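Welcome! Please take a look at the sequence and the 3D structure below before reading on.

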Amino acid sequence: MTPTEILVLVLAAGGVFFSLVAAVGLVRMPDLYTRAHSSSKSETLGAVLALAAVAIAFGTQLSTIKAVLLLVFMFLTNPTAAHAITRASAEQGIEPWTTEDDDP
Amino acid sequence: MIDQILLVAAAAFVGTSLVGVYRIAAGPTMPDRVIAINVVGSNVVIVIALLAAAIGEPGALDIALVYALLNFLLSIAISKFSVERGGVL
Amino acid sequence: MTGLLEAALLVFVLSCAVAAAALRDVLAAVIAFSAYSLGIAIIWVLFRAPDVGLTEAAVGAGIMTILFLVTIAKTVRPSIEKTFEGVDGRALVVSVALVAALSTTVFALPAVGDGGSAVATDDVTNYYLDNAYEETEVKKRRDGRARGLPRIRHAGRGGRRLRRRCEFARRASKGGV
Amino acid sequence: MSDRQGEQSDPEDDDTVQKPQGPYVESPIIMTTVRVIAPFVFTLGLFVMFHGADSSGGGFQGGVIVGTVVLMLGIAFGIETTREWIGPQLPIAVIGVGVLSFLLIGTGSVVVGGGFLEYAAYASATASSTVSSWSNSQSG
Amino acid sequence: MIEALGDRVFYLATFLLLGIGTYMMIGNDNLVKKVIGMNIFQTGIFLFFIASAFVDGASPPLLSAAGPYVSPLPHVLILTAIVVGVSLTAVALGLIVRIYDEYGTLNEETIQKVMGDE
Amino acid sequence: MVPVSAGRLLVPVSESSTLRNTVAYAVEQAFESAGESDRAASIHFVFPLSERYTYGTEPQAADEAQSLLDRVAVWAEEDLGDNADAVEIETALVGTEEYLFSPGDYADVLVRYAEAHSLDRAVFDPEFNPLGTTPLLPPLENEMRRAGLDVEDAPVQRSRRSPLLVQRGTVAQFLALFAASFGFYLVLAGSLATFELVTGAISAGIVAVVLWGVSLTTPLRPGRTVMQFLRLLLYIPYLLWEIAKANLQVAYVVLHPDLPIDPKMVEFDAAVWSPLPITTLANSITLTPGTLTVDVSKRQFMVHSLTESSREGLFGGALERAVRFVFYGRAAARIPSPRERSGEEGEET
């Protein structure tokens, strides 16, 4: 394997790992606020790593710039979307789960 | 070789999106589903980018770009809409 | 490796469709439908149809969901009793019969990706490939790339097809402009 | 601000109808993000519109993306605000200009001596030699 | 047999999507869900066309790519079909809103009952 | 202003977000007029049922209507408080014998009811709209005026502060937007061919003209903007590092068998002022360790935090300081952290 391949492999594996964390969090977390945590964060880092792999695999300048643009937009929009969702549910009066609650 | 790695990674991302489908089906509340669709949308952007690299077609990055921008619209639209079932929309 | 991705995609798309069918609340069904359309868009890219993928992106993620949302806003109230719909026996029988009837044709169809299939070797297809850019006045042939040359993958039948296609093109260009 | 806090912290607040009706303010975060994103979406839409020929794209797709900008602003700032911003005449004007330009292009080709919407007529009107050159070259 | 099926799994998926779409159009009472079912049915057919256009190892039919190309003909048809599908959905939803104004419900059975009463 | 005989009110009700306030307004009006005249004031809340009410077949709509009327009656009594005797409250379901489709049908039913109970004034909920979408209220009110009733809207529009979408733009803003759009277009195109330059200029022109006053809200001062941009470039690696740390933390928490989380909603006042810094800070908070911005009003942030340590990090104020550094320069970075501030103000909850 060439160094490029190893780099792509490592980055892609990292991206998949964090996406997996987001998925596990989506299943395991007790309420929607905590689920939004795991999705908004792990998903973003997963995107960073995977898109870095894409940029390296392409190797051309234009595609790298586009991957970076993609990343910038995901950085801008993902947290805002998480905010929009949690704000809407707070507006609806959904109470956050706390450790005092018995049922998870 | 790189193609293979990227394709497997793309398959893994699609696989994790399946969890999102579980969350969409199970709920229990509507914001849960919106979070899930947001995760699925981000995953789709990444999968399209990975596919673009794997099949060597930079044009597909434009599609990923469109999705990255419209996924946001989808999330804010549904979340805003679900506040009052259209009272605010 | 493509097989893995294809399998994952199909499972994803089909489960989204089933979720859309099974969810009782209309808004939840709309969300499942937009997840479905996201999955379908990946399939378009996989099948080298970026045009269709882009349209699906703009339409599926941008317009369709908003249309459904506005409709729901104007009409339906949330249903709170149950998450899933009951199974309608009559509809199930009809749709299973439809799927069974259609499935009998599976082996008569050419394999996906077969370069020799009727669609890929069709005269109209090749006419499009050869002449579309020029005849729509979008691009003049501007470089030395041999765009008009036939692209034959299956050498055995190539000669005949090539002849036929050239005739077709000549006829079309005479009759056309 | 005080009534909003009361609304959030009140644990008995189970009935949405009885919720104290504080003024609904659109989220400043969403508004700012949309302000930042909107020109890029707009540009992307126009890019897709202009690049239908040699990459994926086309007028319909680009138009949908441009239309999305309006939806985005409508969702972030409220429908009424956006409607005021656009005004009553602009949509009608845009529709009129669209139909008119289609008709002009369509009948224009009739004027220069072709059929309705026959683009080749324009090419032959501007440079009569091009038509013969490409119709010869494609048969090769 | 299994291998041949593996080559044609997308056609099978098409048929399943058509089945799900049919089920939704017949089995679900809510009109909006019927429209969703119609959309799923549509995309099933799109999938059939695009899958039949695919050629292994070919590139998309774009000027910037080098041949061989996948067949562009089904793509063109499907592009038009998507546009038509959107318009169809918009009209159907508009009718649904009108029906709701008229009858106050979107449930198929209730609507038929109300129509029978008149 | 209130006519002497106006103590007998007809209030049509339907499910709406302003219903509660309409009820309060009607009760107040009736109570005032009860004080002025000696006639017994009364309010009739009526629910026009659009579907025909046949026993046994379709009880659901009627049930819902009845429960809404009951709720309205409870509200009215609550508003009257100790003066429950002064105003008589009645509720009724009308239009149960026919289908109501047009505003005229509704007006018919309501006028008949008003005549039967000698009511002379109708108070409408401005969002009263049982038909759903078709605008019903103006024609309905006209019909009822023609029938000789006093008609008015309750002044209870749900207050909704509509944000300012468009501001007056300056030339510098126009140019900045044009440049950003043009640059983005060329990056997308990836070439400097004449075609790209021309269409790019056209596109950028359209974008700048359309979104001139929308996208940029504060006047641009070129020098400061460039400085802010440079500092933003410094900020990005820091943010990336924070994000990486955050993700490892969240990954640990999520994958830990016991799920060691202690989620809590906290509020704090951030020392940032205009929308763009607030958004940057909020999004940074969302991206970094175990914290998620739920709501922002003015400068008050409502943050959902996942673990104890993430709250520590938040009140440490490192992020906030970094954001202030980006937007206001080095001097502003030295404002005390939320913890230090809350020591003197007691803001922390």
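This is a predicted model: local features need pLDDT of at least 70, side-chain atom pairs count only at pLDDT 80 or more; totals for chains, interfaces and linings use all residues.

Residues are numbered from 1 along each chain as its sequence is written, chains are lettered from A and ligands numbered from 1 in the order in which they are written, and side-chain values use heavy atoms, with hydrogens and water left out.

## Where chain E meets chain C

Let us start with the place where these two chains touch. Here 70 residues of chain E are in contact with 75 residues of chain C, contact being heavy atoms within 4.5 Å. The two chains bury about 6400 Å² between them, and carbon and sulfur atoms give 78% of that; buried area is the accessible area (1.4 Å probe) that two parts lose on being put together, summed over both. F10(E), Y23(E) and L63(E) supply 12% of what chain E buries against chain C, more than any other three residues.

Between chain E and chain C the rule finds zero salt bridges, a salt bridge being a side-chain nitrogen of Lys or Arg within 4 Å of a carboxyl oxygen of Asp or Glu. On the side of chain E that touches chain C, the elements giving two or more residues are α1 (2-7), α2 (9-27), α3 (31-53) and α4 (72-103) of chain E. Helices like these are DSSP runs (H or I, at least four residues), and strands are runs of E with at least two residues, both numbered from the N terminus. With 16 residues, α2(E) gives the most to this side. By class, the side holds 51 nonpolar, 15 polar and four charged residues. Nonpolar here covers Ala, Val, Leu, Ile, Met, Phe, Trp, Tyr, Cys and Pro, charged covers Asp, Glu, Lys and Arg, and the others, Gly among them, are polar.

## Charged partners

Side chains of opposite charge can pair when their charged atoms come close. How many salt bridges does a search of the whole structure find? Over all chains, there are four.

One of them joins R35(A) and D32(B), with the closest N and O atoms 2.3 Å apart. This pair runs between chains, from helix α2 (residues 32-58) of chain A to helix α2 (residues 30-54) of chain B. Both R35(A) and D32(B) are buried, where buried means under 20% relative accessible area, exposed over 50% and partly exposed in between (1.4 Å probe, protein chains only). K66(A) and D62(B) also form a salt bridge, at 2.9 Å from N to O, linking helix α3 (residues 61-91) of chain A with helix α3 (residues 60-84) of chain B. K66(A) is buried at 8% relative accessibility, and D62(B) is buried at 7%.

In chain F, E242(F) pairs with K245(F), their closest N and O atoms being 3.4 Å apart. These two residues are separated by about one helical turn, because they sit three residues apart in helix α7 (residues 222-255) of chain F.

## A buried serine

S17(B) belongs to helix α1 (residues 2-26) of chain B. Is S17(B) buried or exposed? At 4% relative accessibility, S17(B) is buried. Leaving aside residues up to four places away in sequence, S17(B) touches V40(B), N43(B) and F12(C).

## Chain F as a whole

Chain F has 11 helices and eight strands. Of its 349 residues, 47% are buried.
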